[in-house]
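The sequence and the model come first.

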Amino acid sequence: MSDQTLELKGSLFPLSVLSCADLSVNALRAGLSQKLAQAPAFFYQAPIVLNVADCRQTPDFAAIKQLFAELNLVLVGVCGAGTELKQQAQQAGLAALQLGKDNKAATKTSAAASNSNSVNNNSLNNSAESATVAMDAKIVEQTVRSGQQLYAKGTDLIVRGTVGAGAEVIADGNIHIYGTLRGKAIAGAAGDRSKRIFCYNLQAELVSIAGNYWLSESLQGEFWGKSTCIKLQDDQLVLAELG
Amino acid sequence: MAKIIVVTSGKGGVGKTTSSAAIGTGLALKGHKTVIIDFDIGLRNLDLIMGCERRVVYDFVNVINGEANLKQTLIKDKRTDNLFILPASQTRDKDALSKAGVEKVLNELAKDFDFILCDSPAGIESGAMMALYFADEAIVVTNPEVSSVRDSDRILGMLASKSRRAEQGLDAIKEHLLLTRYNPERVEKGEMLSVEDVKEILSIDLLGVIPESQAVLNASNSGQPVILDSESDAGQAYLDTVERLLGEKVPFRFLTVEKKGLLKRIFGG
C-alpha cells in the first residue's frame, strides 16, 4: 500500500539571488539596508539565495544568517559554492543549490555590480529584463461577495464570477469581470490612464479609471445591464457596448 | 460523524430562529438525532420558539465555563424524539463565547448527535462568527428584499474566508439559500424580489422557499415549531426544505399566486 499522506514532488520557485563581491557581514548589512529601505514591504520575509561564486574570502554563514533574520529576510541557501564552501554552508543549516546554466553567465556579469539582485525563475531573467515580460494577471475564480476587497497590484484583475454590491475590485491594470458588476471597480489605481474596465453586465455602484469616477446614478442609462467596456478619453469616462 | 450546520443571515428578523426550530424539528422527525444550539447570547429566543423557556436551568455559557455539564444543560424536546436544545445565556454578552470553548462543546456533542444546528445571532460580530466558524454547511436565510440580500452576500463572503474550513484550506462550506417570507402576489406586483432575482444575485443553490404565512407567527407565539403545523403552507414548505437538506429531490411549491376561482377564470379579472 502506498502512503497517501506523504508526497514528495519537485517544483520550481522564483527566488531572489543575492550576489555581492564583499560577503562580510558589515558590507552586506550596509548594502542590504540601503536596498530594503527602497521597498521594505516587497522584500519582507523574502526567501533569498546567496551567490558565493565570486567571493574572495570564506563567508561566516552563521553570522550572515543572523543578519538576514534581523533584516526580516529568509536565507534559504547558497549557490555557486565549491566543495569546501558547500560543506560550511550545509553545516550552518543552509541548502546548497545548483545554479542554472544561463543564469550562471548572467550572475557572472552582474556580480561585478555589488548588491544586484537577479531573479531566478523559470525563464531565468534578471531583474532588468523582467520588465519586458508581462506580469501574470490576478485571476479570481469565485464570486466576490459584499464587503470583500481585492487588489491586483501592478497587474490586471480577472474575475470569473460576479462582484456583489458592496464589494470592491481594484487593479493597477485592467479589470475584467465575467459576471455582473454590482460593486465598485477601480482600474488604473496607480494612475495609468490607458487602463480599462470590461464587464459582462454593468450594474456598478462606482467605476473609476485613474481616479476619474462615475457613480451608479450616471451609469444608469443606455449601458445599464449590458456588456460594457469603460475607458478614459480626454479626462472623461467613455462607455461602449461590447460585441 | 455529526454534521454541523449554521443557520445565518447577517440581517436580523429574517427568520433564523424560526427556521432553526423548524428544520431541527424536521430532522428529528426524520429520525436523526439533532441538537439546536442558540448562539444568540444575551438575546435568547430559541427557547421561546421551541416552547421550553420554563425548563431552562443551565445554558451554553455555563457549559463552556465548566459550571454545568452537557447532560444537565441539554433540554429534551417533549413533542419530538431525538431533539434537544442547548439554550443561550440571557445574562451574558456575546464575548462570553471563546473559540476553544465552543469547539470543546461541539466535539462533545458530535459524539452523540447526527446534526448540530447552530442558530446564529444577527450581525457579523464575534457571536455570528463563532456560530459559523466550525460549520460544515450553512443555511443562509434571506428575505426577498435588497437589504437582506446584501447582508446575506456579506455573510457568504465570511463563510468563504473566516470559517475553520477556509482557514485550514479544507473543502468549502456547503452553502444553501433559504428564502423566507416569500409573497408571490407582491412579487408579481414588483414589490418584492423574485426567487430568480435572489438566486441570480447570490449565486448559490436554493434549499427552500417559505411563503409569508400567518401560521409562522401563530407558531412562534404558541412555542411550537411551525413545521409541526402540517396543514399550513409554511409547515409544508419547511418539510420540503428538510427533505432537500437530506438529499432528496423535491419540487418547489408556493412560488406562484394561487389559482383564481372558477368564476374569475371565466369572466377574467
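D153(B) forms a salt bridge with R145(A), with 3.0 Å between the closest N and O atoms; a salt bridge here is a side-chain nitrogen of Lys or Arg within 4 Å of a carboxyl oxygen of Asp or Glu. Across the interface of chain B and chain A the rule finds three salt bridges.

This is a predicted model, in which local features need pLDDT of at least 70 and side-chain atom pairs count only at pLDDT 80 or more, while totals for chains, interfaces and linings use all residues. Residues are numbered from 1 along each chain as its sequence is written, chains are lettered from A in the order in which they are written, and side-chain values use heavy atoms, without hydrogens and water.

Twelve residues of chain B are in contact with ten residues of chain A, contact meaning heavy atoms within 4.5 Å. The two chains bury about 860 Å² between them, 36% of it on carbon and sulfur atoms; buried area is the accessible area (1.4 Å probe) lost on being put together, summed over both parts. In chain B, R150(B), D153(B) and R154(B) lose the most area to chain A, together 49% of what that side buries.
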